[in-house]
Amino acid sequence: MVRRVLALPTGRLAVGVLSVIALLAILGPTLAPHNPLGTSALTLTGPSWKHWLGTDYLGRDVFSRLLAGSRTSVLGSVEVALIALAVGVVPGILSVYLGRGFEWFTLRIADTLLALPFLIYAVAVTALLGNGIPQAMFTVGVLVSPLFYRVTRAATLAVARSQYVEAALISGASIGWIARRHVWGKVLPPVAVALAQTIGVGFVVVSSLSFLGIGVQPPAPTWGGLLASDLGYLSYQPWAPIVPALLIMATVWGSNLLADAIRDVSGEAGRALLNSRRARARRLNPAEPIPAGGAAR
Amino acid sequence: MTRTLPDGTVTAAVPAARPADPPALDPPAAQAAALAVRDVRIRDDVNDREIVHGVSFELRPGRAVGIVGESGSGKTLTCRAILGILPAHFAVSGGSIEIVGRDIAELTTPQWTDLRGSTISAVFQDPASYLNPSIKVGAQIAEVIGVKTGLRRRAARRRALELLTAVHLRDPELVYDQYTFELSGGMLQRILIATAIAADPQVLIADEATTALDVTVQAEILDLLADLRERRGLALVVVSHDLAVVAQVCDEVLVMREGEVVEHGSTADVLYHPRHEYTRLLIAEHEQYGLDRYLAGEQRKELDSVH
Amino acid sequence: MSTDGRPVLEVADLEVHYGLRRRRRRVLHGVSLSVSRGETVGVIGETGSGKSTFARAVLGLVRASGGRILIDGEDVSRYSSRQWRALRRRGVVQYVFQDPLRSLDPDLPVEESLIEPLLVQGVGRKEAIERGRGYLARVRLDSELFGRLPGELSGGQRQRVAVARALITEPALIILDEPVSALDSANRVGILEILKELRDAGVALIFISHDLGSVAGVADRVAVLYQGEFVEVGATHAVINTPQHPYARLLVGSAPTLRSAAASRAERDALRALLHA
């Protein structure tokens, strides 16, 4: 599947954008040319050789703060996605196999979680468990887990009712055998789509929370926090919020693009898409012969 | 049951049992053909291959032509080309199709919309997928009537009920207010046929329209098609993978294989004097594995001596 | 025909109901049938006649509410799900679905689907693949196809894989649900020939179809199922040439034939009226 995603231009673009962001998260804090917390007398200056993106209201180097803040932001969104995955997928599969009672119970829990406004809940939970990104992200992760529950359940249901599963049953296969052999491969692509999408959602949430000053102690930099402080000095530096905003947008856009690319290449729709591309290429460039093999029906 | 007689005396009247040639209808227009397909070729742009290598036939009002072939033989693509609904990346690359004298290559989209339903119409294999499950079937027929003939609601309803009666549904009033899930496959296919003939088309294409149905229901639908043909002078294109189905309804048969017409002739000719090996295979299959093996044993001996 | 030997399958007075309490309705009523080694029996019925339910009951996928089912002399009607699983693993009864595209996992190479029953039995992978190749040859398929996905095979090739899969456990009985209706002529004849070979090798076959014509060439006996009951059971030629029950007569009269005259429309209408009365 990875190869097929990379075969799409949008897939390559998404992976490219996300790799740069991931590199920032890993290396950002060490690459920062200045101390992201170090204040100076030079407040609210424009870009210069010393301060590529200028300084903020306390005279801190904005570029260094962006680099240092990337790790918190990215780790937070990944945490949201992973927690949602862990909490949602297993009950999603089991809801199909463990009988009516379990199904009803998990469905109602999923409905309940969906009904809760997660941003407000995250705020409430940080008040209870302490103001930290992990606590807030844990809450958000649990609250968006119904997405994974639903997606997994839908995919599993489709498989469970298929004839090849019945054929396996007739051969004497156990539920575990069927899950390992037939269900897993079908559930993975939609879960991957949901995962990429949730990373995007998580990013917006981390940025929103840190914009509100929740989850991060004040001097520590985050992209959302930068955006918030820049907005306070809009009249002095109207261009300042552009950079953190662009970074946030690029990451979310990259995640959604990746989700689209995964969806496009998996299953029947993926084959149809590749076919129509081939047909278009053929029309644009009729001189170039195209191998006939693998024609989809 | 006449043909259960073992001595074959009754079944000897074979040609008579085929649909008799319809009374010679005077051609309405000078060209006479309701549908003329001339050397139609269809190409797949994905791998740049020609899928259909030249299909030709002419269909006059009140006549029926059958196309037989296995899946992938190009019979469905040919039908779709006639209806102007080829799937993406397929295109007619040669030949011409004329519907009541109009070359379809020159039709604009509004002209197509005008033509479909009122001049040429079609029914396909899986009737349930062509109806909206959340709307009563009667309303769906009435909608087609409203769009195609401009009748108002009351009149459209009355017309829909007439059509449901015409396709031999037992209780049209009841069926009108039912949903697709309350109806059997055979009844749904009748409803689709009723919808297809709502605007009094001259040509009806039935593409594997009875394939998914039970044998007894298939016989009823084939009876219905023969009936419509006789009474309304409808010209039929019957497409099937089963030679016997086509032989039952049509006067003329095309046998297609891998995009090529391997045999084309009157039904009797094709059945009794098959020229191509593939046609012989189709016939042999029925003789060895079908009911023909048991029925009319006498007759078969006669035929074998003919070969 | 080699119909001697003890029956592989004996069904006596089988009753199956679906639904609970008020919604409870009878799907099969007083169905009895016995099938011996080397015998092919056609079960003919229309949609909703209960023919699939019959197969599913024999496979233990639906529970009988009355009557007995004996497989190889063993009464399985009161089996627990664990006993069923053990029985199925032995592979005595196998099943071939109508549409191989749906009964083979689209994401697994055909090899994997083919040897699955052996793997479930606990046979080692290497040996299973070895044996799989043998069965592929028996249904006249090239073992080159082993690594392909079902979507890359033709309909006929897929159905051959499905038949090979059913053969791989050396079953005594194979139930085939419309195994040739999705196939074109050449492949249909190919599959029917394989089935004949199996019958000659002593395997019992139940051939389920809505079309009398499609089983006429292979079945020794035919059982006509109508509204959950066998209305006519007899030798194939007898059912075709002298059907007694109105539904059986309608069935014979509706089957499309090439050269012999089908029953006239009037006759069919009369039979239908008789059935609905």
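Analyst: Let's take a few labels and set each one against its cut-off; keep in mind that this is a predicted model.

User: What makes C:Arg272 and B:Glu220 a salt bridge?

Analyst: Their side chains meet at 2.8 Å, N to O. Between chain C and chain B the count is 3 salt bridges.

User: How many residues of chain C are in contact with chain B, and what kinds are they?

Analyst: 45 residues of chain C touch 47 residues of chain B. On the chain C side they split into 20 nonpolar, 13 polar and 12 charged. The area buried between the two chains is about 4,200 Å², with carbon and sulfur atoms giving 54% of that.

User: Why is the pair B:Tyr179 and B:Phe181 called stacked?

Analyst: The ring centres are 6.0 Å apart and the planes sit at 5 degrees. Pairing needs centres within 6.5 Å and stacking needs planes under 30 degrees apart, so this pair is stacked.

User: And why is B:Phe181 called exposed, but B:Tyr179 partly exposed?

Analyst: B:Phe181 has a relative accessible area of 65%, and exposed means over 50%. B:Tyr179 has 27%, which falls between the 20% and 50% limits, so "partly exposed" is the label.

User: What makes C:Tyr79 and C:Trp84 edge-to-face?

Analyst: Their planes are 75 degrees apart, with 5.9 Å centre to centre. Edge-to-face means over 60 degrees, so that's the name. Both C:Tyr79 and C:Trp84 are buried.

Note on methods
Residues numbered from 1 in each chain as written. Chains lettered and ligands numbered in written order. Predicted model: local features only at pLDDT ≥ 70, side-chain atom pairs only at ≥ 80, totals over all residues. Heavy atoms only, no water. Contact = heavy atoms within 4.5 Å. Buried area = accessible area lost by both parts, 1.4 Å probe. Salt bridge = Lys/Arg side-chain N within 4 Å of Asp/Glu carboxyl O. Nonpolar A, V, L, I, M, F, W, Y, C, P; charged D, E, K, R; others polar. Buried < 20%, exposed > 50% of the residue type's maximum accessible area, 1.4 Å probe, protein only.
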